[in-house]
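Work each one before reading its solution.

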Amino acid sequence: MHQGWCMPTQGSFRYHMTMKKILVIGASSGIGLYVTRQALEKGHHVKAFARSAADIDINNPNLEKVRGDALSLNDVESALADCDTVVSALGVKLNTKLITGPITLFSEATRILIPLMQQKNIKRLICVTGFGAGESISAINSFQKIGFNMVFGRAYSDKSLQEKSIIDSQLDWTIVRPGVLLNCSKPESYKILANKDEWRNGIITRKNVADFIVNEITNNQYIHQAPVLVS
């Protein structure tokens, strides 16, 4: 385990050229959309799963747009067909509901997903949570926790439940904990903080988070780890 520096790359030298069939849950926006774009650029086959999948403005012969609800067992089971890797990038909007709750999307969707993956013998799961979920809450000082809990507490409590379900599973999982997310598309270096004593908050672009995820799909360097990503 180490602290790494990564630059988004277009070349093939950083990963094995094994093409995957990837189910991206939450593919219509944010990190999920960036993962979809970057995975297609690397030559992978992608099932882009979202309630608004039809609106995804990407045309690629390796892309299948799958309309569905992450809380529907039937929708998820159908979407998993023929896939070997799952990326879960669900999110909730920054609005009053985020503060007042309740929020159960992350844990409920994961409780549906994991048994289906196990039934279909799909082992690889990469899930985006965030800095402040699970054990990483210990890296936030008491003063910062006040504001964090007021705004994000309900969502991150559910993300922590989500993380526990994943860690307790028999899957080859990687949990990705980005810091404060930005939409800037400019390629920049970023840090992979794998050791607990390195964990800290910071900013990172959604594009860089997707870069880590797409590389991890073939690198498999952080299986059974939950690194924090910051610039």
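Helices are DSSP runs of H or I with at least four residues, and strands are runs of E with at least two, both numbered from the N terminus. The model is predicted, so local features need pLDDT of at least 70 and side-chain atom pairs count only at pLDDT 80 or more, while totals for chains, interfaces and linings use all residues. Residues are numbered from 1 along each chain as its sequence is written, and side-chain values use heavy atoms, without hydrogens and water.

**Exercise 1.** Repeat the comparison for helix α6 (residues 206-219), then state how many of its residues are buried.

Solution. 
- α6 has 14 residues and reaches 20 Å from first to last C-alpha, close to the expected 20 Å.
- Buried means under 20% relative accessible area, exposed over 50%, and partly exposed in between (1.4 Å probe, protein chains only).
- By this criterion 11 of the 14 residues of α6 are buried, including Asn 208, Asp 211, Phe 212 and Glu 216.
- Asn 220 follows α6 and has a positive phi, near 55°.

**Exercise 2.** Identify which residues touch the most other members of the largest nonpolar core, and which element gives the most to this core.

Solution. 
- A nonpolar core is a set of buried Ala, Val, Leu, Ile, Met, Phe, Trp, Tyr and Cys residues joined through side-chain atoms within 4.5 Å.
- The largest has 31 residues, and Val 35, Val 87, Val 176, Phe 212 and Ile 213 touch the most other members.
- Elements giving two or more residues to this core include β2 (21-25), α1 (30-41) and α6.
- α6 gives the most, with six residues.
- Leaving out residues up to four places away in sequence, Ile 213 touches Ile 31, Val 35, Val 87, Ile 126, Val 128 and Val 176; contact means heavy atoms within 4.5 Å.

**Exercise 3.** Describe how α1 and α6 pack.

Solution. 
- Axes are lines fitted to C-alpha atoms over the stretch in contact, and angles run from 0 to 180 degrees between N-to-C directions.
- The angle is about 55° and the axes are 8 Å apart.
- Angles under 35 degrees count as roughly parallel, over 145 as roughly antiparallel, 65 to 115 as roughly perpendicular and the rest as oblique; α1 and α6 are therefore oblique to each other.
- Residues in the contact include Tyr 34 and Gln 38 of α1 and Arg 206 and Lys 207 of α6.

Terms used: Expected span 1.5 Å × (residues − 1).
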